[in-house]
Amino acid sequence: MTSLSASLVRGAVTSPFKHPGRAGATLPTDRLTLPAAPAAPGPLAAYRRICGFPAPESGPLPLPYPHVLAFPLAMRLMTGRDFPLPVVGLVHTWIEITGHRPVQPGEALEPTVYASELTAHRRGTEVTMVTEARVGGELVWESRSGYLSRHATKGGAGPRGEEGPKAGAGPKAEEAQAPALPAVTEWRLPGDLGRRYGAVSGDRNPIHLHPLTARLFGFPRAIAHGMWTVARCLAEADRQPGELRTVRADFRAPVLLPATVTYAADPAGNAFALRSASGRVHLTGTVTRAL
């Protein structure tokens, strides 16, 4: 958490000196790795509680948890001098996670993070960050995440992700983009959810912590962490038979806190969406399960 906090400060300092969209920009070739270690029981239990995962005495790690463990490495890369995009304003737009096999809490997990691709987007430039986790040299888990740096382009406007101040389309347009899924349950999210999840994950980005700090970045209120919304949906999907193996989630609009949101899913729980009472779609996703 200390490393992540330091990266947030470094990102705030270095971002004004970076110019997204410049010709010839390249990504750093560094691969950052944490020493192999089992998940700490206390933080893991706190993560399970706040995201709604069952808390058994033994059992595999929740599918998104290695992302939390490795996120400080990703932030260290993205706030480095040779990273071409400013981290301030960077929008997490999508994530794909693959669990090649269940990872037990006692296994020594070794996460590695690197920047994979830098691509043009109709709203700016998008970078793909890759996280891999190994146990004894075996690749057991991996993810790919898209982060968008918005700037003027020739392609015009496009959708915004979970940290965009406003959705790129109205509720009706967003509903049309999302699968027409039946409502399963409703969640009431407290105003301090960002602070509580930040304490568990170490991600204390000001946009999640308090209305006053969120307003500095163009939000009327604090917003929920995108990775909390993914994890909460996966905890609900995990109630269905079959072990979760992959997920693809797309962030469509921020969740302003406090909020009441509806989790919707198909009968098998393999496609899901998170939406507001007005019909605004915050998140859509799909999962696959082990046979």
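**Entry 1: the model.** I am working with a predicted model, and residue numbers start from 1 along each chain.

**Entry 2: cavities.** A search of the whole structure gave me two cavities of 30 Å³ or more. I noted a volume of about 60 Å³ for the largest cavity. Which residues line the largest cavity? I wrote down His67, Ala70, Phe71, Ala74, Val113, Met129, Thr131, Ser143, Arg144, Ser145 and Tyr147. Helix 3 (65-78), strand 4 (124-135) and strand 5 (138-150) are the elements that each give two or more residues to this lining. Sorted by class, the lining has six nonpolar, four polar and one charged residues.

**Entry 3: helix 2.** Next I looked at helix 2, residues 41-51. Its buried residues are Leu44, Ala46, Tyr47, Arg48, Ile50 and Cys51. What do they pack against? I found helix 3, helix 5 (193-201) and helix 7 (226-237). After helix 2 comes Gly52, with a positive phi near 90°.

**Entry 4: nonpolar cores.** Tyr47 turned up again here. The largest nonpolar core has 47 residues, and Tyr47 and Phe272 touch the most other members. Helix 7 is the top contributor to this core, giving eight residues. Another core, of 19 residues, lies apart from the largest one, and Ala74, Met75, Leu77 and Val113 are among its members. Ala74 and Val113 were already in my notes, as they line the largest cavity.

**Entry 5: salt bridges.** I counted 11 salt bridges in the structure. Are they buried or exposed? Glu236 counts as buried because its relative accessibility is 13%, and Arg232 is buried too, at 14%. Glu236 also forms a salt bridge with Arg239, at 3.4 Å between the closest N and O atoms. Arg239 has 59% relative accessibility, so this residue counts as exposed.

I then checked Arg188, which bridges to Glu186 with the closest N and O atoms 3.8 Å apart. Arg188 is exposed at 67% relative accessibility, while Glu186 is partly exposed at 48%. Last, I noted a network of salt bridges linking Glu96, Arg248 and Asp250.

Definitions and conventions: Predicted model: local features only at pLDDT ≥ 70, side-chain atom pairs only at ≥ 80, totals over all residues. Heavy atoms only, no water. 1 Å grid on protein atoms, 1.4 Å probe; cavity = no way out; pocket = protein on both sides within 12 Å on 5 of 7 lines; lining within 4 Å. Points joined across faces, edges and corners; volume = space filled by probe spheres on them. Helix = DSSP H or I, 4+ residues; strand = E, 2+ residues; numbered from the N terminus. Nonpolar A, V, L, I, M, F, W, Y, C, P; charged D, E, K, R; others polar. Buried < 20%, exposed > 50% of the residue type's maximum accessible area, 1.4 Å probe, protein only. Contact = heavy atoms within 4.5 Å. Core = buried A, V, L, I, M, F, W, Y, C linked by side-chain atoms within 4.5 Å. Salt bridge = Lys/Arg side-chain N within 4 Å of Asp/Glu carboxyl O.
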